[in-house]
Amino acid sequence: MKDFDYLEPESIAEASEMMLAHPDGSVMAGGTALMLALRQRMVTPSHIISLRRIRDLRGITYTPAEGLRIGALALHAEVARSPLVRQHAPMLADMASRLANPQVRNQGTIGGNLCYGDPATDPPSCLLALNADVVLRSAHGTRILKVDQFATDYFVTALEPGEIVSEIRIAPSTFDTGYHARFLRTAAEHRPLVNFAISLRKQGDVCADVRMVIGASTRVPTRLRKAEDLMKGKTVTARLAAEVAELGVSEIEPISDIRGDGSFRREMARTVCRRTIEDLFNPAGSAATSAA
Ligand SMILES: Cc1cc2nc3c(=O)[nH]c(=O)nc-3n(C[C@H](O)[C@H](O)[C@H](O)COP(=O)(O)OP(=O)(O)OC[C@H]3O[C@@H](n4cnc5c(N)ncnc54)[C@H](O)[C@@H]3O)c2cc1C
């Protein structure tokens, strides 16, 4: 690891000015991703600009008008156990409780997760299914982006020089249920090969409204818009779940890497998508029904 200067700004504006003054510097939140990159000399910053003293990046709040606000420095473990998140976005709390391992959950932050842009992660697909906003601040202003505007490509985000993700916002939902499913290649792995997030409004067996996203197997989390249109307004049968999953995976471009090639990922995405829909509706003839 190369030597660097360590800076601890106390406000977003101060951090932003430091980032602009030291363009070869790196921002650090929990350091779980950055420390690995430093050790492997994938990055050799002149300065590390730690966000840990910036109080405005902390906390989880809820108001009926604006919904949830999750500070960028919220640890995965804090998201998992927050009563507010558990009440207003239970699929996010559930996802955070299963992410990685206890060490990463107690050191890594939700903001750092989004900003690293690593596709093999869980929050981006979950937040896209929840239609979350990502708030970016700098000394010169604020931008609010949707998750699919923020995560632009493989390890690439929309962050501009001097910008920090300050918080995630999730407006009060019109959906009444949701789930984030993840598939790991082996039980010993921490990172997902594929994940699938769904927000749903059900009327009995009918899908009144839905948002579906596949992540971890694609460069960026991908909304399954055609599959959503196929499912909306219909009674969900086992056959429809299979058709939705089939159409859904036709909308993604899976990546190939050390965890699996694109065709394997597509197969797993299809299966995770179908099974999750079946589990949520439990239609006649589904695996969930026949196993019961
Ligand atoms: C062993 C292991 C297993 C893992 N398994 C999973 C998994 O199963 N699922 C999953 O989702 N993730 C997984 N992860 C990834 C983990 O979630 C992230 O490493 C973590 O959330 C990053 O947060 P951090 O605070 O440590 O970020 P840091 O390492 O501090 O920063 C990461 C990057 O984001 C930038 N950054 C951080 N915060 C901000 C901000 N607020 N504004 C602007 N830029 C910022 C930094 O400059 C850096 O480039 C795993 C990681 C490890 C090491």
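The ligand is surrounded by 30 residues, a residue being counted when its C-beta atom, placed from the backbone, lies within 6 Å. Ala29, Gly30, Gly108, Gly112 and Thr121 are the closest. The model is predicted: local features need pLDDT of at least 70, side-chain atom pairs count only at pLDDT 80 or more, and totals for chains, interfaces and linings use all residues. Residues are numbered from 1 along each chain as its sequence is written.

**Ligand shell**
- Strand 2 (26-28), helix 2 (32-39), helix 7 (110-116) and strand 10 (164-170) each give two or more residues to the shell; helices (H or I, at least four residues) and strands (E, at least two) are DSSP runs numbered from the N terminus.
- Helix 7 provides the largest share, five residues.

**Domains**
- The protein chain comprises domain 1 (5-50), domain 2 (55-170) and domain 3 (177-287), with bounds from an automatic or database domain assignment.
- The C-alpha centres of domain 1 and domain 2 are 19 Å apart.
- Their contact involves 13 residues from domain 1 and 19 residues from domain 2, where contact requires C-beta atoms, placed from the backbone, within 7 Å.
- On the side of domain 1 that touches domain 2, helix 1 gives the most, with seven residues.

- Four strands form an open sheet in the order 11-12-13-14, with antiparallel pairing; strands pair if DSSP finds at least two bridges between them.
- Strand 11 (177-183) and strand 14 (222-223) stand at the edges with a single partner strand each, so one side of each lacks a neighbour in the sheet.
- Nine bridges join strand 12 (residues 194-203) and strand 13 (residues 206-215) in the antiparallel sense.
- Phenylalanine 196 has isoleucine 214 in strand 13 as its bridge partner.

Methods: Contact = placed C-beta atoms within 7 Å.
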